[in-house]
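The following report describes one protein chain from its computed geometry.

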Amino acid sequence: MDSPVQTQMAVAAFKSPLGSGEYHGTNGLERKSSRRVFVQTETGCVLGMELNRSDNVNTVKRRLQVALNFPIEESSLTFGDMVLKNDLSAIRNDSPLLLTRNLMHRSSSTPCLSPTGKDIQQRDQSGPIEILGHSFRFAKTKQLVKETVKAIKNGVDPIPAQGGLGGAYYFRNVRGDSVAIVKPTDEEPFAPNNPKGFVGKALGQPGLKRSVRVGETGFREVAAYLLDYDNFANVPPTSLVKITHSIFNINDGVNANRPQTKKLVSKIASFQQYIPHDFDASDHGTSSFPVSSVHRIGILDIRIFNTDRHAGNLLVRKLDDVGRFGQVELIPIDHGLCLPESLEDPYFEWIHWPQASIPFSDDELEYISNLDPARDSEMLRSELPMIREACLRVLHLCTIFLKEAATYGLCLAEIGEMMSREFRNGEEEPSDLEVICIEARRLITEEVFSPRGESDDDGFLFDIDCEDGGYELTQKSSSEVSASAFHFGNGHALLSRLEEGPEEEEESEGDEEKELVSPPTLAKNQSISKLSMSLKYTSLGEKKQPKFPKFAASKSDNAASSSSRRSANEQLPASSSFVKLADMKDDKWALFLEKVQELLHPAFAKRKSITLGQKQRQRLGTSCQF
């Protein structure tokens, strides 16, 4: 629903038959082959059920209708990018599924009531906490789950966290010590059951960041932990769980009022080990932070394209042991806004710290060289089968970028700067990485529509400059274009964002969701005209800089442009998308990555020259001392 969910009675297991032999077989073989899945409605209700080989999508929908009184007409059952038609054979054990209703049939006046919820809850045969997945990588989390369950059974209740925009809870052990922090997916900012008033969207719609959907920050927290091989960056153990407790928030009614009596509810949530600490990075001077810790966290942030690495999610713990007085260690948390579905503006708190300008050590360079983006993607597909392909493409691209940049000799700060956008005169410019991607897409489009052998000039490209309202074409070899493509003023290409037409601006929020799921494929002639004109306002040589067009800004963009700092308590404006990755087919994606790698070294050389010039200016400004 587009408005807050009203009442939720979530249950953990549904075992009542809907017909003769429909749910459970009578022989042990059929029960052995069953799979356990967790189905979540877009309003946050959760139902755990076991599937047999004969079960299909309609079976799942009917069980939800009986158990939760959830309307299933014109609804879709989704699993990550996949919309399940009828067959469920591709669904593995412990998989979370999402049931959504088509936009036309959403209603803000239909609560998700469950008249039979109490009886079903009494037949719940599952434990209070179940880990979704049985990987060896969750061994540490399993021990924490045991401690937490023991405390729950002994009457030790969790404590709600006061900070942040979403719902979070500290779960404790029998001694009362916090051992885990739990963040339900339906209590995220803008999610239906958010306890702090940030509501209004259904699960699966664009959220706090347009490229991260509501309800999908949980598996991103787990992905960051899984990608932190050998605990290189010190990410706490994290897993995705189905967890049942009465502490969780339920917004009752369309006005998001909270019910007076607490009931047991089940949620899908991220479950992360709580790390005792002394403060966070915003409360402590950065000069004492170890260079290696800053580098390792930065390496992780680059790989996962973290859009929210601020000082508040870097915990600081003092190491006052013998011989370690004054030393600290950093613990990175809150990775729910990493691995977006498209490139946007990341945020790296460490980018201006002195440690980030120190070259990588040999150990760090070895770690980076051993990274394998294809292996990482396969691992995440195996451990988190609900992850979207667009997220994996961002991971693949950023890992290649990191590996090539480190090999070229760039430091962490330089790499972060090349991935970050700049705001000049209230206008947003694409990052160096986005410029590279735009150019790579233009090149593969030219290859597709200008096959080799059709022209005698197939070994040449053209440098397009816009001056005095006309075009000046200069014939250049492809290698020269690769080098000159990055002769931008101040290291950036001022490329105009593709402006939305009036019809697109009037599209509903639901249409925007569809666009996020399946980006529209441009017509061939549109692709050629828009991509080939992307360099129209870009100087590809030593020619006079033309005047650049302003970016088309949304109303929210204009409202936010008056201040360079944005409050955490206000809705962030939608970030621009200069280039898409998800709309390419596999063969085009492989060609795109090849072109990106060809364009990287000229871009790195340009960045190095800019850095060298800055250092020379600094030396000139401080060399005369009396």
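Helices (H or I, at least four residues) and strands (E, at least two) are taken here as DSSP runs, numbered from the N terminus. On that basis the chain comes to 17 helices and 18 strands. The model is predicted: local features need pLDDT of at least 70, side-chain atom pairs count only at pLDDT 80 or more, and totals for chains, interfaces and linings use all residues. Residues are numbered from 1 along each chain as its sequence is written, and side-chain values use heavy atoms, with hydrogens and water left out.

**Overall packing**

Burial is expressed as relative accessible area: buried means under 20%, exposed over 50%, and partly exposed in between (1.4 Å probe, protein chains only). By this criterion, 52% of the 626 residues of the chain are buried. A contact requires heavy atoms within 4.5 Å. When contacts between residues at least 6 apart in sequence are considered, 73% of them join residues at least 24 apart.

**The five-stranded sheet**

Strands of a sheet pair through backbone hydrogen bonds, either parallel or antiparallel. Two strands are treated as paired if DSSP finds at least two bridges between them. Five strands of the chain form an open sheet with mixed pairing, in the order β2-β1-β5-β3-β4. Because β2 (46–51) and β4 (82–84) stand at the edges with a single partner strand each, one side of each is left without a neighbour in the sheet. Neighbouring strands are turned against each other by 35° on average, direction ignored; the axes behind such angles are lines fitted to C-alpha atoms, for helices over the stretch in contact, and angles run from 0 to 180 degrees between N-to-C directions.

Within this sheet, β3 (residues 75–79) and β5 (residues 95–101) run antiparallel and are joined by four bridges. Thr78 stands opposite Leu98 in β5. Helix α2 (residues 57–68) packs on the sheet and touches β1 (35–41), β2, β3, β4 and β5, its direction making about 135° with that of β2. In the loop between α2 and β3 lies Phe70, which is buried with a relative accessible area of 2%.

**Aromatic pairs**

A pair of aromatic rings is described by the distance of the centres and the angle of the planes. Rings of Phe, Tyr and Trp (its six-membered ring) pair if their centres lie within 6.5 Å; planes under 30 degrees apart count as stacked, over 60 as edge-to-face and the rest as tilted.

| Pair | Centre to centre | Angle between planes |
|---|---|---|
| Phe232 and Tyr367 | 3.5 Å | 5° |
| Trp589 and Phe592 | 5.5 Å | 20° |

Phe232 lies in the loop between α5 (217–227) and β10 (238–245), and Tyr367 in helix α7 (residues 362–369), so their pair ties together parts that are 135 residues apart in sequence. Both Phe232 and Tyr367 are buried. Trp589 and Phe592, by contrast, both belong to helix α17 (residues 586–622), where they are three residues apart, about one turn of the helix. Trp589 is buried at a relative accessible area of 9%, and Phe592 is buried at 0%. Elsewhere, Tyr169, Phe171 and Phe248 form one aromatic cluster.

**Charges over rings**

A charge is said to sit over a ring if NZ of Lys or CZ of Arg is within 6 Å of the ring centre and within 35 degrees of the ring normal. The charged end of Lys201 sits in this way over the ring of Phe190, 5.8 Å from its centre. Arg375 lies over the face of Tyr229, at 5.1 Å from the ring centre.

**The loop between α5 and β10**

The loop that holds Phe232 also contains Asp230 and Asn231. Neither is a glycine, yet Asp230 has a positive phi of about 60° and Asn231 one of about 55°. Asp230 is exposed at 76% relative accessibility, whereas Asn231 is partly exposed at 35%.

**His295**

Which side chain makes a polar contact with the side chain of His295? A polar contact is a pair of N or O atoms within 3.5 Å; within protein, one must be able to donate a hydrogen and the other to accept it, and residues adjacent in sequence count only if both atoms are side-chain atoms. The partner is Glu364, at 2.9 Å. His295 lies in helix α6 (residues 291–304) and is buried, with a relative accessible area of 1%. Leaving aside neighbours within four places in sequence, His295 is in contact with Gln355, Ala356, Ile358, Pro359, Phe360, Glu364 and Leu412.
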